[in-house]
Amino acid sequence: MRVTRVLVVQPDETDPPARLGDWLADAGADPVVLRPYAGDPVPDTLDGYRALVCLGGVMGALDDVAFPWLADLRRLLSHAVAKRVPVLAVCLGAQLLAVATGGQVRRGVNGSEIGLGLVAKRDVAKDDVLFAELPWTPDVLQFHQDEIALLPPTAELLASSPAYANQAFRVGPAAYGLQFHIETTADIVLDWVVRSPGLAASVPPSRFDPERLARGHEDIEEVWRPFVERFVRFASGAITSRRELPLV
């Protein structure tokens, strides 16, 4: 059996793979972390990898002037979609995936979305190889002020929330974008609160109670660890998409 090597792109030092990296490894993957903010070059292709994971960051999806490697990352995401390489893109990663495949990202019109919460699966998710087994209202962690205002033309919407509709989507048969976080720990979120006091002040401080965050992350792990296990099996070829979609 070929090793399921997964390229994990970490755009920002504040959002490491954390639990997601552990879940990938526990599921049999070999995650290789790339840190473009620290000077790691973004490759042109995914040769040698079975999947791509793209994490979050403080920058916007189009902040190319300050972070010129974002353009390279968008091209890599577009390449992955074209080659049907499985993608799991989280928060900023989801916004980059959307822009790279024809969607639009902007500052959220309904303000920031921060803290533990739920998203609701759409009916189409019941036929999706990764989303079908999730509960209808899975637990998530939100920490964003930008939104995916328009999905790519061929995307399927998989989950929504009252404030922002485009919470999870799939482009083509294998590229998934999650506007929310599943990789965090309570300590990571508390660090974000310290680093982004203005953003954190937009919601009640009770949302950052350490015990509440710890319990919430236990619920997130219960839901999303099996999801990541399915993603690794999908990347390895052990399971396939339930229906093939046209290339973007």
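Two strands are said to pair if DSSP finds at least two bridges between them, where strands (E, at least two residues) and helices (H or I, at least four) are DSSP runs numbered from the N terminus. The legends below describe a predicted model, in which local features need pLDDT of at least 70 and side-chain atom pairs count only at pLDDT 80 or more, while totals for chains, interfaces and linings use all residues. Residues are numbered from 1 along each chain as its sequence is written, and side-chain values use heavy atoms, with hydrogens and water left out.

**View 1**
S11 and S12 pair in the antiparallel sense over four bridges, and together they form a hairpin with three residues between them. Gly-172, in the turn of this hairpin, has a positive phi of about 65°. S11 also pairs with strand S10 (residues 156-160), again in the antiparallel sense, over three bridges. Ala-168 can be followed in both pairings: the residue is the bridge partner of Ala-159, and it stands opposite Leu-178 in S12. Ala-168 and Arg-170 point one way from S11, whereas Phe-169 and Val-171 point the other way, and all are buried; buried here means under 20% relative accessible area, with exposed meaning over 50% and partly exposed in between (1.4 Å probe, protein chains only).

**View 2**
The eight strands of an open sheet follow the order S2-S1-S3-S4-S12-S11-S10-S7, with mixed pairing. Its edges are strand S2 (29-34) and strand S7 (120-121), each of which pairs on one side only. Strand S1 (residues 4-9) runs parallel to strand S3 (residues 51-54), and four bridges join the two, with Val-8 opposite Val-53 in S3. Helix H2 (residues 69-82) packs on the sheet and touches S1, S3, S4, strand S11 (168-171) and strand S12 (175-178), a contact being heavy atoms within 4.5 Å. The direction of H2 makes about 145° with that of S3; axes are lines fitted to C-alpha atoms, for helices over the stretch in contact, and angles run from 0 to 180 degrees between N-to-C directions. Helix H1 (residues 18-26) lies across S1, S2, S3 and strand S4 (87-90), running at about 145° to S2.

The buried residues are Leu-92, Gly-93, Ala-94, Gln-95, Leu-96, Leu-97, Ala-98 and Val-99, and H3 is followed by Gly-102, whose phi is positive, near 105°. Gln-95 has 4% relative accessibility and therefore counts as buried. Apart from neighbours within four places in sequence, Gln-95 is in contact with Ala-61, Val-105, Asp-146, Glu-147, Ile-148 and Gln-179. Arg-74 belongs to helix H2 and counts as buried because its relative accessibility is 14%. Residues up to four places away in sequence not being counted, Arg-74 touches Ala-61, Leu-62, Asp-64, Leu-96, Val-99 and Ala-100.

On a 1 Å grid over the protein atoms alone, a cavity is a set of points where a 1.4 Å probe fits but cannot get out, and a pocket is an open set with protein on both sides within 12 Å along at least five of seven lines; lining residues have an atom within 4 Å of a point. Grid points are joined across faces, edges and corners, and a volume is the space filled by probe spheres set on the points. The largest pocket has a volume of about 370 Å³ and is lined by 21 residues, of which Gly-57, Val-58, Phe-143, His-144 and Leu-199 lie nearest its centre. The elements that give two or more residues to this lining are helix H3 (92-100), strand S8 (139-144) and helix H4 (186-195).

**View 1. Gln-10 in the loop between S1 and H1.**
Gln-10 is found in the loop between S1 and H1, and with 3% relative accessibility it counts as buried. Beyond its neighbours within four places in sequence, Gln-10 has contacts that include Val-33, Leu-34, Arg-35, Tyr-37 and Leu-55.
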